[in-house]
Amino acid sequence: MNYDSRYSELDWLRVILIFAVFLHHVLMPFNGDDWHIMNTESSKLLDDTMVYFEQFRLPTLFFISGAGCVILLSKISVKQFFKDKFTRLFIPLLAGSILIIPPQTYIENINELDSFWQAYPALALKFELNHLWFIEYLIVFSVISIPINAMFQSRLGQGVISIIANMSQLKIGLLCLVVILIFIKIFFSIYLPSDGHKIENLSSSSYYFFFFVTGMLFIRSTTIWQAIRDQRRINLFALVVFSALFYAYYFSPDLSEYLSLNVRWGIWWLVCCLVAWSALLSMLGYAQHYLTVTPNWLKESNQLIYPFYILHQTVIVVIGYFVISLEASISIKITLLFTASFTLTSAICALLIRPFNVFRALFGLKLIKSAT
């Protein structure tokens, strides 16, 4: 692969998917789940829709991150790679847990706490991650990517890539890799069950790691990359079929009389994996075909999307706390929350973080070099 050329499809997908994460969190107070803040009225239709898009949004972002690690390692040394990940991942994670997460925790417990400034020291010292668990995963995965990248450069690794490249020439060759994903998800979820998104939760981290590693593998082969584009219609058809299966099981009647709990969960994980994998291949294929240029505004967005991600949930929770108390319909509240939180988060990124090196450093952006 020629890593010198820009992968416009990845630029577009990264921005689109982070925006999708933002939209998901805007809608969370209204879908009836137990989130940081909840509206008294909820929408079952909203919940039924959101559960579908949850299946492939973050997996695709991990795939993109895996591909990005290979591209970066092809241009800089391992030492420089470590430095890059420390400055762009670890420092923002630490800063986020101390500065960004406490307001969320305060809003969640506002009835039990005194003023925010009195509660802040204790909240900051908890070092909670909340939505920043994604960055914690990226730190661990990035470190592991170094030996994996070296393995892919070895004879063994080249053999693995060759096998997958040959598979990709079959119409459903890449789709068949979902079998590995299904095994990983079901095995770890049954034998090492755990809740939450902590990195030690292997039922979660192993699942996302599969997408990360496939991103590393696919980006190394022009044959595989081209096959994803060429087979986009087949993959989209598979996605439609798997989506139908997903909702058929989602809306199925109670099967507890006929199937054990593990079997019922196993079927659920299976249909989720089918949707996640076919959606990834479909989005990547169509992005390659149609999103071939990275305009200047998208380049800038790809930089600011990272601090946008770090900030967005806290902004949503704080503004949402006041929005859900209004006497208004769900649609009006969603519109208000979306508009206000998007505007404020974007303004902070553009007007406060982007121009000043101290904030750029805290939020993982490259520093602006002063003119000499």
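Guide: A word on terms before we start: a disulfide here is a pair of cysteine sulfur atoms within 2.5 Å. Keep in mind, too, that this is a predicted model.

Visitor: How many disulfides does the count come to by this rule?
Guide: Take Cys272: its sulfur is 7.0 Å from the closest cysteine sulfur, in Cys273, which is too far for a bond. For Cys176 the closest cysteine sulfur is also in Cys273, but 15 Å away, so that is too far as well. By the 2.5 Å rule, the count is 0 disulfides.

Visitor: Is Cys272 buried or exposed?
Guide: Buried means under 20% relative accessible area. The relative accessible area of Cys272 is 7%, so Cys272 is buried.

Visitor: And what about Cys176, which class does its relative accessible area put it in?
Guide: Anything between the 20% and 50% cut-offs goes in the middle class. Cys176 has 39%, so Cys176 is partly exposed.

Visitor: Over to the helices: is α4 oblique to α5 or roughly parallel?
Guide: Helix α4 covers residues 78-108 and helix α5 residues 116-124; their axes come within 9 Å and cross at roughly 120 degrees. Roughly perpendicular stops at 115 degrees and roughly antiparallel starts over 145. That makes α4 to α5 oblique.

Visitor: How many charged residues does the contact of α4 with α5 have?
Guide: On the α4 side, the residues include Ile98, Leu99, Pro102 and Tyr106, and they meet α5 residues including Phe116, Tyr120 and Leu123. By class, that contact has 10 nonpolar residues, 2 polar and, for charged, none.

Technical notes
Residues are numbered from 1 along each chain as its sequence is written. This is a predicted model: local features need pLDDT of at least 70, side-chain atom pairs count only at pLDDT 80 or more; totals for chains, interfaces and linings use all residues. Side-chain values use heavy atoms; hydrogens and water are left out. Axes are lines fitted to C-alpha atoms, for helices over the stretch in contact, and angles run from 0 to 180 degrees between N-to-C directions. Helices (H or I, at least four residues) and strands (E, at least two) are DSSP runs, numbered from the N terminus. Angles under 35 degrees count as roughly parallel, over 145 as roughly antiparallel, 65 to 115 as roughly perpendicular and the rest as oblique. Contact means heavy atoms within 4.5 Å. Ala, Val, Leu, Ile, Met, Phe, Trp, Tyr, Cys and Pro count as nonpolar, Asp, Glu, Lys and Arg as charged, and the others, Gly among them, as polar. Buried means under 20% relative accessible area, exposed over 50%, partly exposed in between (1.4 Å probe, protein chains only).
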